[in-house]
Amino acid sequence: VIAGVLVTLYTMLGGIEAVIWNDVIQFSVMFGGLGATVWIVASTATGGVTGIWDAAHAAGKTALWVPLETNPIAFFRQPMTVPALFFALIVGRAAQYTTDQTMALRIQSTKSTDDARRAFVVNAAGDALWMLGLTFVGLALFAYFQHTPEPAGLPSAAPFGGPKPTRPRNPHALLRPRDPQSPVRSRGRAG
């Protein structure tokens, strides 16, 4: 509620200029954080950037083409690759540029068509850099977990073909009253 009041207040007082400066500050904080993350990851990863790329390449994450499955369910189990991520970026961002009200208002608030084109290009380049940075961090996390063994005693996190989850399939089962004969006790409950 407080954030909503503050945003409404600075928009009423400063108009589109206040919104633009807010976007500039958000951009700076987000890209500064991503830049710091990329730098820290690149400088501390096992083998550096080469080690990250080698681990991703060995797992097929950098493949330009992955054979598509004909089974509709198996299609969603396809491995995620860097080219697939960039394809999703292009398709997803094209939808954003044409349907997102915030984006449309930003473009319409420019003074001329040339300014709108420049804003579009700068935004698209920023999106591409953002996704490239996030992809690198994701590949670095993947490489880290390829080199770092899981602690003993953890259940497998394999989404397909792994062990069945231990949680109930029906989330409403969690709301059922506790069985008084059960040896498991909740915190703070006697009995």
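Read along the sequence, this protein follows the pattern α-α-α-α-α-α. It has six helices and zero strands. Both kinds of element are DSSP runs, numbered from the N terminus: helices are H or I over at least four residues, and strands are E over at least two. The model is predicted, so local features need a pLDDT of at least 70 and side-chain atom pairs count only at 80 or more, while totals for chains, interfaces and linings use all residues. Residues are numbered from 1 along each chain as its sequence is written, and side-chain values use heavy atoms, with hydrogens and water left out.

Confidence comes next. The pLDDT is the predictor's confidence in each residue, from 0 to 100. The protein averages 77, and 73% of the residues score at least 70. Over residues 184–191 the pLDDT is below 50, and this stretch has five contacts in the model beyond near neighbours in sequence. Contact means heavy atoms within 4.5 Å. Where pLDDT is low, the predicted coordinates should not be read in detail.

Now the chain overall. Of its 191 residues, 14% count as buried. Buried means under 20% relative accessible area, exposed means over 50%, and partly exposed lies in between (1.4 Å probe, protein chains only). Among contacts with a separation of 6 or more, 51% join residues 24 or more positions apart.

Turn to helix H2, residues 48–58. Which of its residues are buried? They are Gly48, Gly51, Ile52, Ala55 and Ala56. Seen down the axis of H2, these buried residues fall within an arc of 130°, so they line one face of the helix. The arc is that of the directions from the helix axis to the C-beta atoms. An α-helix has 3.6 residues a turn, so residues three or four places apart point the same way. On the other side of H2, Thr50, His57 and Ala58 are exposed.

What do the buried residues of H2 pack against? Their partners are helix H1 (2–44) and helix H6 (113–147). Two packed helices are described by the angle between their axes and the distance between the axes. The axes of H2 and H6 come within 8 Å and cross at roughly 80°. That makes H2 roughly perpendicular to H6. Angles under 35 degrees count as roughly parallel, over 145 as roughly antiparallel, 65 to 115 as roughly perpendicular and the rest as oblique. Axes are lines fitted to C-alpha atoms, for helices over the stretch in contact, and angles run from 0 to 180 degrees between N-to-C directions.

From H2, the contact uses Val49, Gly51, Ile52, Ala55 and Ala56. From H6, it uses Phe136, Leu139, Ala140, Phe142, Ala143 and His147.

Take Ala56, in helix H2. Ala56 is buried, with a relative accessible area of 0%. Leaving aside neighbours within four places in sequence, Ala56 is in contact with Lys61, Thr62, Leu139 and Phe142. Ala56 and Phe142 are 86 residues apart in sequence, yet 7.3 Å apart in space, C-alpha to C-alpha.

Look at either end of H2. Gly47 sits in the loop between H1 and H2. At 55% relative accessibility, Gly47 counts as exposed. After H2 comes Gly60, whose phi is positive, near 80°.

Finally, find Asp127 in helix H6. Is Asp127 buried or exposed? Asp127 is buried, with a relative accessible area of 13%. Not counting residues up to four places away in sequence, Asp127 touches Leu89, Arg93, Gln96 and Tyr97.
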